[in-house]
Amino acid sequence: METFIEDRVPYSRRIFCNRNLRMDRIQFIGFDMDYTLARYTEQIEHLQAEMVLDRMVTKYGYPREILEATYDPGFAIRGLAVDLPNGNVFKMDRHRYVGRIWHGSGPLDRELREQIYTNRKITPSDPRFVMVDTLFSLPEISLYCQLLAYFDGLEETASRPTYEKLWVDLREAMDSLHRDDSLKEVIRSRLADFVIRDDELGETLHRFRSAGKKLFLLTNSEPEYTEAVMSFLFDGIDDSYPSWRDYFEFVLTSGRKPAFFQSDEPFCAVDNPIAEVKTLKRGHLYTGGSFLELARLTGMMGEDVIYVGDHIYGDILRSKIHTHWRTAMVVQEMERELEQIQNCRQELDELAGLEERRFQLNLELAARALDGDRAKKVRDEVKAITHEIAAAERVNADSFNPYWGMLFRDRTELSAFGKQVENYACVYTSRVSNFRLYSPQWYFRSPRDRMAHELRF
């Protein structure tokens, strides 16, 4: 029976709900392309790393020795931040307090950590800090730490870059690879090496269309690149759709998100850029545009629309704030994390048991106002359990990522990234084709919100 659908959906393929979402009331479903419909292999990260290092040498004047840096795909995760003046990379919890910190080739010295970050809450708007929230940015974090370690090992000279300049140059060099099409040119020439072809994707979109949903594509990628990637993903999968464009009511490229959600720019038709766009025609590609113009041309508004994307800021947060669209976030890397949660379920349950035991002991101390030998015994047990919890937390976190721990959690708190997903994504999942495992009319229900006093009695 469909009411028991979660029992037959593998845990790593499930869709998780933060706010109730009735798919039967959704009329329009919009999709981002990169890292949403198009999932990328690890090879694209290695390609980015190789190309950006070469560019920093040839275009930015960095020494050839930096070409020896080797990208480590297991190092960085989303949700990290860079402290530009100090050259530190760190992870924050939901309250924006700093957790793990990395400097160059290793963890930051404890004395420096306490001096810089103790009792300090990070404000994202502070220009001294850069938030890293896209998968495209992960190679930058890995290379930044390696290059910083290299320059830290040199004598201080006028040619040695500051920590901030090193990051700015690295980021600019990476951005230039996207701007001048050099990165995407390589990807287009070897799509099978870099793009994961998901055979369930076509059926997923077909099921939505069969249920009366109108689909659209809204991507920041340029028309030529969009055409190449989408053709690779969809063409030849279903004879009912001779072209990938047939899945969509309209296709919007070069969207400039997040500016798309705040501007009032008109659309341009790719095949006739001079003519005024008075309607969005099926099978045609458009560039530019804005949310206001899209609403005017299509009539789509608010909660009739759900937008599916991977970028917490450009896709999810801005669309939620400025359009009142419903949101679905694709977190490609969470599939591995969910599998690891299943692998260490016993250890996580044991940790929860220790936390419950500590809570009950502290409750006994407070409620009964214990003193004497019993109080000392309870306090000693609480202290021992606290040490045991700290050790277990570290081991469990390291099994997910030895540098940063779990993606959505920082110790006992949600991570800053996890909190953003909770705040702005109505639902989240590891891939678009996970929707195929649910009815297109499914009612996603969020867990009941409970405050701390409701959790234990």
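A disulfide is taken here as a pair of cysteine sulfur atoms within 2.5 Å. The views below show a predicted model.

**View 1. Cysteines without a disulfide.** Searching the whole structure under that cut-off gives zero disulfides. C426 takes part in none, and the cysteine sulfur nearest to C426 belongs to C17, at 7.7 Å. C426 is buried, its relative accessible area being 0%. C344 also counts as buried because its relative accessibility, 5%, falls under the 20% limit.

**View 2. The nine-stranded open sheet.** Pairing in this sheet is mixed, and the strands run in the order β1-β19-β16-β15-β3-β11-β12-β14-β13. The edges are formed by β1 (16-17) and β13 (267-269), each of which pairs on one side only.

View 3. Strand β13 pairs with β14 (residues 285-288) in the antiparallel sense, over three bridges. Within this pair, F267 lies opposite G288 of β14. Strands of a sheet pair through backbone hydrogen bonds, in either a parallel or an antiparallel sense.

**View 4. The largest nonpolar core around F31.** This core contains 101 residues, and F31, F248 and F444 have the most contacts inside it. Neighbours within four places in sequence aside, F31 is in contact with L37, L205, F208, L215, F216, L217, L218, F248, Y307, V308 and V432.

View 5. In soluble globular proteins, nonpolar side chains tend to be buried together.

Definitions and conventions: Residues are numbered from 1 along each chain as its sequence is written. This is a predicted model: local features need pLDDT of at least 70, side-chain atom pairs count only at pLDDT 80 or more; totals for chains, interfaces and linings use all residues. Side-chain values use heavy atoms; hydrogens and water are left out. Two strands pair if DSSP finds at least two bridges between them. Helices (H or I, at least four residues) and strands (E, at least two) are DSSP runs, numbered from the N terminus. Buried means under 20% relative accessible area, exposed over 50%, partly exposed in between (1.4 Å probe, protein chains only). A nonpolar core is a set of buried Ala, Val, Leu, Ile, Met, Phe, Trp, Tyr and Cys residues joined through side-chain atoms within 4.5 Å. Contact means heavy atoms within 4.5 Å.
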